[in-house]
Amino acid sequence: MNEALRDEHFQRITDEKARHMYDYLCDACEKRPGGMTDPDQMLVGDVAFAEQVKGKLMDDIGERGIGKVAYNGRQQYWQDNKSLAHFRAYCDQQRKHLAELRLTPNGRKAANVNIDDDFDSFPD
């Protein structure tokens, strides 16, 4: 792991949960075949920062709810909390980054497993 890059990332990643995720993902990347490169660590920084932002968005959703009834003169309408759309966007972006880092089940290429279950030895 590039410690200078980690220190740079931790200047903007202040949430403990996001920092823990950063360290965990870096460890997972280092255990992969080929290890972790600086571009990989940059993606990990983006994933951890997105986790920090998602936490703030979740706090906002918990505080204000998913929406509210708004009034425009005599008209009444439902107004969504925009934090929901942003939260979904950050979740999608995190999934894409994790797939790029090959840290999701779809991102890893699993080796074929040959199971010898003696199926061919049964009589017809």
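Reply: Let's start with handedness: a crossing is left-handed if the near helix is turned anticlockwise from the far one by less than a right angle, and right-handed if clockwise. Helices here are DSSP runs of H or I with at least four residues (strands are runs of E with at least two), numbered from the N terminus.

The model is predicted, so local features need pLDDT of at least 70 and side-chain atom pairs count only at pLDDT 80 or more, while totals for chains, interfaces and linings use all residues. Residues are numbered from 1 along each chain as its sequence is written, and side-chain values use heavy atoms, leaving out hydrogens and water.

Our part is helix H3, residues 38–64. Just after H3, Gly65 has a positive phi of about 85°.

Now for its partners. Axes are lines fitted to C-alpha atoms, for helices over the stretch in contact, and angles run from 0 to 180 degrees between N-to-C directions. Angles under 35 degrees count as roughly parallel, over 145 as roughly antiparallel, 65 to 115 as roughly perpendicular, and the rest as oblique.

Helix H2 (residues 16–31) and H3 have axes that come within 8 Å and cross at roughly 150°, so H2 and H3 are roughly antiparallel. H2 passes H3 in a right-handed crossing. In their contact (heavy atoms within 4.5 Å), the H2 residues include Met21 and Leu25, and those of H3 include Val44 and Ala48.

With helix H4 (residues 82–100), H3 packs at an angle of about 155°, the axes being 9 Å apart. H3 is therefore roughly antiparallel to H4. This crossing of H3 and H4 is left-handed.

The axes of helix H1 (residues 3–12) and H3 come within 10 Å and cross at roughly 15°, so these two are roughly parallel. H1 passes H3 in a right-handed crossing. Among the residues that meet are His9 and Arg12 in H1, and Asp46 and Phe49 in H3.

Arg12 also forms a salt bridge with Asp46, with the closest N and O atoms 3.2 Å apart; the term means a side-chain nitrogen of Lys or Arg within 4 Å of a carboxyl oxygen of Asp or Glu. This pair links distant parts of the chain, Arg12 in H1 and Asp46 in H3 being 34 residues apart.
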